[in-house]
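Student: Before we look at any detail, could you show me how to read a model like this one, feature by feature?

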Amino acid sequence: MAVTERRTAGLDVERVRADFPILSRTVGDRPLVYLDSAATSQKPRRVLDAERDFYERHNANVHRGIYMLSEEATELYEGARAKIAGFIGATDANTVIFNRGTTESINAIAHGWGRKFLKEGDEILLTDMEHHSNIVPWQLAAKATGATLRYISITDEGLLDLSELGSLLTEKTKVFAVTGGSNSLGTFPPVRQLADAAHAVGALLVVDGAQLVPHLPVDVAELDCDFLTISGHKMLGPTASGGFYAKRELLEEMDPFIGGGHMIHEVFREYSTWNEVPGKFEGGTMNIAQEVGLAAAVDYLEGLGMDEVRAHEEEVAGYALERLLGAGARIFGPTDTSVRGGAVSFWYKEVHPHDLATILNEEGIAVRAGHHCNQLVMRRFGVPATTRASFYVYNTKHEVDALIEALGKAESVFG
Amino acid sequence: MALDEIYKEVILDHYKNPRNKREIPDAELTCSKNNPLCGDEITVYVQADGGKVLDVSFVGQGCSISQSSASMMTESVSGKTVEEVGELSTSVRGMLSGEIEPDEDEFGELVALKGVVKYPIRVKCAVLAWDVLQEALAGEGAAAGTSPH
């Protein structure tokens with residue numbers, strides 16, 4: 001079935017695609033159809049240029065040298081912080097901490113805040129929808145402190161079962177860590193509602209923003225979350241860029257995570273004192289060029305407009321859901337596009353996801369097959385793995401058509 | 001091209017019509033393993049005597065590579081000594097890692113799995129059955145070594 005590309009008001013997909021050099025490559029003799037942006041997004045030329053320009057013209061370590069290059073590098077690095085803070089609505093740029101992204105961020109929070117303040121009898125509330133990176137660091141913190149883990153379950157539709165909030169979120173709950181967007185089910189939980197519920201019992205809300213910040217307009221003041229993690233590589237930025245936002249008082253009271261250079265104020269034989277926030281959390285030479293590249297990605301996204309980004313994804317994901325269901329696929333996650341993003345997990349006929357992904361690769365289509373670091377979700381729905389197609393600003397309905405056509409080929413091999 | 005190589009008719013045949021896919025309830029040797037990456041699961045049952053494999057079967061679920069590999073394996077090791085099974089297992093691993101160019105006489109239908117070499121992430125699917133068998137035989141191997149035969 002051929003469709004005419006309907007252009008959303010502000011997003012000209014063909015022009016967007018022209019900004020991404022990798023999208024003009026082929027896989028064998030097929031054009032690349034990249035449907036794995038939930039794993040990592042592709043990068044526009046502007047981001048690649050920003051990183052190259054940094055290395056070619058401004059490269060030096062930051063916050064160190066008394067010379068022009070170092071000052072320029074510091075200005076670019078701190079400029080990136082201000083840019084990213086603005087993107088998520090943080091009024092104080094220094095409440096954005098840089099690191100490699102969400103995994104490192106949740107470890108920093110579970111270690112620096114969790115191990116310092118949790119104690120036996122306290123509860124950590126998670127959900128069955130969490131990525132392993134929002135489970136394992138809390139398991140480690142629970143083991144170290146004697147705190148207990150609790151989980152909110154998932155409904156058949158792939159939403160969080162909020163009817164359990166009343167019994168699971170209690171005065172014992174000290175922290176509630178929840179995804180802002182499921183990387184396998186696509187679900188967007190109602191973050192503000194969860195923040196209010198957490199605060200009502202005196203708990204903090206940690207939001208795994210890996211699949212949220214790239215896809216929806218985000219304002220930390222509106223969400224009222226206490227922590228929000230950012231994975232730069234999933235929002236058109238370089239790998240190992242991003243970090244986390246936290247309310248300033250939390251950054252002041254929690255412990256650092258990585259010890260080393262720059263994060264100290266003074267070092268003595270027996271102890272050290274910490275640098276001011278955000279330096280306290282940025283020990284060692286940082287991912288300077290990557291954060292500068294991420295700032296360029298934010299510029300690019302702001303140029304598109306996050307409302308347009310969201311509208312485009314909703315349209316493409318909606319079309320994909322419709323066509324997949326029409327083809328007889330089983331969808332994991334909500335089919336109502338108003339509560340979900342562009343990550344679409346499915347099982348097609350009896351074809352194992354690994355076999356399906358291999359066949360799709362022959363057609364130039366890149367999808368993810370496996371448990372997506374969501375073993376609790378897989379167990380909830382009784383499958384070992386799913387195939388996941390995930391969509392972003394550069395994906396088209398034609399690519400959805402290519403996916404559906406290739407499913408037919410898989411069926412002819414395995415049916 | 002690669003599609004034909006990896007999904008040769010042999011693989012699909014073994015996937016759709018697996019050989020020796022049954023439990024041996026009173027098997028002396030049995031072992032189960034799974035590959036959490038994709039959820040492939042295989043249980044192998046072995047009847048052995050005097051260091052010789054008399055009957056091998058498997059049950060499990062997973063992708064075409066893991067399940068066809070298990071099916072082919074059961075056919076290829078039946079009647080071999082534990083030592084010979086060990087050698088074949090090493091050869092199959094060599095083929096899957098691209099270090100050995102398989103000799104059809106030695107490999108038989110197992111040659112069909114050669115194409116997996118191009119998909120490094122799926123080599124784990126193909127070797128799973130062999131890992132399970134080797135672990136199941138570990139007890140028998142030790143017994144055979146001390147056997148008076």
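Predicted model: local features only at pLDDT ≥ 70, side-chain atom pairs only at ≥ 80, totals over all residues.

Student: Which residues of α14(A) are buried?

Tutor: The buried residues in α14(A) are A:K397, A:E399, A:V400, A:L403, A:A406, A:L407, A:A410 and A:F414. The helix runs over residues 397-414, and its 18 residues reach 26 Å from first C-alpha to last, close to the 26 Å expected at 1.5 Å a residue.

Student: How should I read the pattern of buried residues along a helix?

Tutor: An α-helix has 3.6 residues a turn, so residues three or four places apart point the same way. In α3(A), the buried residues are A:A73, A:L76, A:Y77, A:A80, A:R81, A:K83, A:I84 and A:F87. These cover an arc of only 165° around the axis, and therefore they lie on the same side of α3(A).

Student: Which exposed residues does the face of α3(A) turned away from its buried side carry, and what covers the buried ones?

Tutor: The face turned away from the buried side carries the exposed residues A:M68 and A:E75, while the cover over the buried residues of α3(A) includes α2 (45-58), β4 (96-98), β9 (227-231) and α10 (288-304) of chain A. The length of the helix agrees with expectation, because the 20 residues of α3 (residues 68-87) of chain A should span 28 Å at 1.5 Å a residue, and the end C-alpha atoms are 28 Å apart. Just after α3(A), A:G89 takes a positive phi of about 80°.

Student: Which residues other than glycine have a positive phi, and where are they placed?

Tutor: A:D224 has a positive phi of about 55° although it is not a glycine, and its place is in the loop between α8 (220-223) and β9 of chain A. A:C373 has a phi near 55°, likewise positive in a residue other than glycine, and is placed in the loop between β16 (368-370) and α13 of chain A. A:D224 is partly exposed, with 16 other C-beta atoms within 10 Å, and A:C373 is partly exposed, with 17 other C-beta atoms within 10 Å.

Student: Where is there a cis peptide bond?

Tutor: A cis peptide bond joins A:V277 and A:P278, with omega about 10°, and A:P278 is found in the loop between β12 (272-274) and α10 of chain A.

Student: How is chain A divided into domains?

Tutor: Chain A is divided into domain 1 (13-40 + 305-414) and domain 2 (49-303). The contact between them takes 25 residues from domain 1 of chain A and 26 residues from domain 2 of chain A. On the domain 1 side, α11(A) gives the most, with five residues, and by class that side has eleven nonpolar, eight polar and six charged residues.

Student: How many residues does each chain give to the contact between chains A and B?

Tutor: The contact takes 13 residues from chain B and nine residues from chain A. On the chain B side, α1(B) gives the most, with three residues.

Student: Where in chain B is confidence lowest?

Tutor: Confidence in chain B is lowest in α1(B), at a mean pLDDT of 57, and highest in α3 (residues 64-77) of chain B, at 96. For the complex, the predictor gives an ipTM of 0.84 and a pTM of 0.93.

Notes:
Residues numbered from 1 in each chain as written. Chains lettered and ligands numbered in written order. Domains from an automatic or database assignment. Contact = placed C-beta atoms within 7 Å. Helix = DSSP H or I, 4+ residues; strand = E, 2+ residues; numbered from the N terminus. Nonpolar A, V, L, I, M, F, W, Y, C, P; charged D, E, K, R; others polar. Expected span 1.5 Å × (residues − 1). Buried ≥ 20, exposed ≤ 12 C-beta atoms within 10 Å, placed from the backbone. Arc of directions from axis to C-beta. pLDDT = per-residue confidence, 0-100.
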